[in-house]
Amino acid sequence: MPSTNTHTTSRAGTYALGSFTVGRLGYGAMQLAGPGVFGPPQDRAGALAVLREAVESGVNHIDTSDFYGPHITNQLIREALHPYREGLTIVTKVGAMRGADASWQPALSPAQLTQAVHDNLRNLGLDVLDVVNLRSMHGLHGPAEGSLEAELTALAELQQRGLIRHIGLSNVTARQVENGRRLCEIVCVQNMFNLAQQADGALVDRLAAEGIAYVPFFPLGGFSPLQSDALSDVARQLGATPMQVALAWLLQRSPNLLLIPGTSSVGHLRENLAAASLALDADSVARLDAIAASGVVAMPADHA
């Protein structure tokens, strides 16, 4: 299995995220919170170690949200990494809140969005947020049509006030992306996309043609990891893990895909980052491309 260090991580290449240039293999902090992305982690020291290892390994793109925990992942990021290394880009997300029962609830009024931005700033220890993704709540379990004009207008006003550098969209349809770009510059789209879920293929390609990043959440399938005989066979042939192959497939799928696999384990983090040095031949890619059509996979849990 390839070793992980800054050199191997850099093999994934880079891509523009607004005015930033980030490595295509980043890190998603969602799993650092407690079970169900709620409450504190069982191993706080371990969570801090994962964040520090990620940055030491060359990761310069971390994805988070103040509604993870809530507040937990941002507080961990600040404790582990502040003052932040030059070149580190932190992307956060607004549009939802957590109920006392750990439920995911919409939080999309101008006042709620403004509060969320200030919460992210405070808990991350920042004066301005690099990128803020608006999480559409028209569909909790997946994209659903509906206007985002009021919400994007509110974020654009916060951008004009200097609290946000760039705006992105999450859990959105292609039409919402098109409409959103008429209201303000959209630098990234964050939707579900992986070996099992390839419905956004045309959107990925359209954004790539225009130089806009697409950030797949649950690139490894989510809380129920991807499982497929074809995936396992390709992994055995390459001497890699199935999850490394799944990440390598995404890296080769399109240059605008920025990956943010999450984990609370340093060992798993190292395995994920080592996927940067894994090359897939044409036959392997063809077998992996067919996985979504086969339907023989484990499906992910809900994500917000």
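The secondary structure of the protein comprises twelve helices and eleven strands. Helices (H or I, at least four residues) and strands (E, at least two) are DSSP runs, numbered from the N terminus. The model is predicted: local features need pLDDT of at least 70, side-chain atom pairs count only at pLDDT 80 or more, and totals for chains, interfaces and linings use all residues. Residues are numbered from 1 along each chain as its sequence is written, and side-chain values use heavy atoms, with hydrogens and water left out.

The overall dimensions agree with those of a compact globule, because 304 residues would give a radius of gyration near 19 Å and the protein has 18 Å. This radius is taken over C-alpha atoms, and the globule rule is 2.2 Å times the number of residues to the power 0.38. Along the principal axes, the C-alpha atoms fill a box of roughly 55 × 40 × 40 Å. Of the 304 residues, 56% count as buried. Buried means under 20% relative accessible area, exposed over 50%, and partly exposed in between (1.4 Å probe, protein chains only). The accessible surface comes to about 12200 Å², and 51% of this surface belongs to carbon and sulfur atoms. Areas come from the Shrake-Rupley method with a 1.4 Å probe; for residues, only the protein chains shown count as cover.

Contacts are defined by heavy atoms within 4.5 Å. Among contacts with a separation of 6 or more, 75% are between residues 24 or more positions apart. The protein carries 20 positive and 27 negative side chains, and the centres of the two sets lie 2 Å apart. Lys and Arg count as positive and Asp and Glu as negative, whereas His and the chain ends are not counted. Each charge is placed at NZ of Lys, CZ of Arg, CG of Asp or CD of Glu.

An open sheet of seven strands has parallel pairing and the order 3-4-5-8-9-10-11. Strand 3 and strand 11 (213–214) are the edge strands, each pairing on one side only. Two strands pair if DSSP finds at least two bridges between them. Within the sheet, strand 5 runs parallel to strand 8 (residues 129–135), joined by four bridges. Val-91 stands opposite Val-131 in strand 8.

Thr-89 belongs to strand 5 (residues 89–94). Thr-89 counts as buried because its relative accessibility is 2%. Beyond residues up to four places away in sequence, Thr-89 touches Leu-17, Phe-20, Val-22, Asn-60, His-61, Ile-62 and Asp-130.

Strand 1 (residues 14–17) and strand 2 (residues 20–23) pair in the antiparallel sense over four bridges. Ala-16 has Thr-21 in strand 2 as its bridge partner. The two strands form a hairpin with two residues between them, and Gly-18 in the turn has a positive phi of about 65°.

Several loops hold backbone features of note. A cis peptide bond joins Gly-69 and Pro-70, with omega about -10°. Pro-70 lies in the loop between strand 4 (61–63) and helix 3 (72–81). The bond from His-82 to Pro-83 is also cis, with omega near 0°. Pro-83 lies in the loop between helix 3 and strand 5.

Val-37 has phi near 60° and sits in the loop between strand 3 (27–28) and helix 2 (44–56). At 4% relative accessibility, Val-37 is buried. Asn-171 has a positive phi of about 60° and sits in the loop between strand 9 (164–170) and helix 6 (174–183). Asn-171 is buried, with a relative accessible area of 2%.
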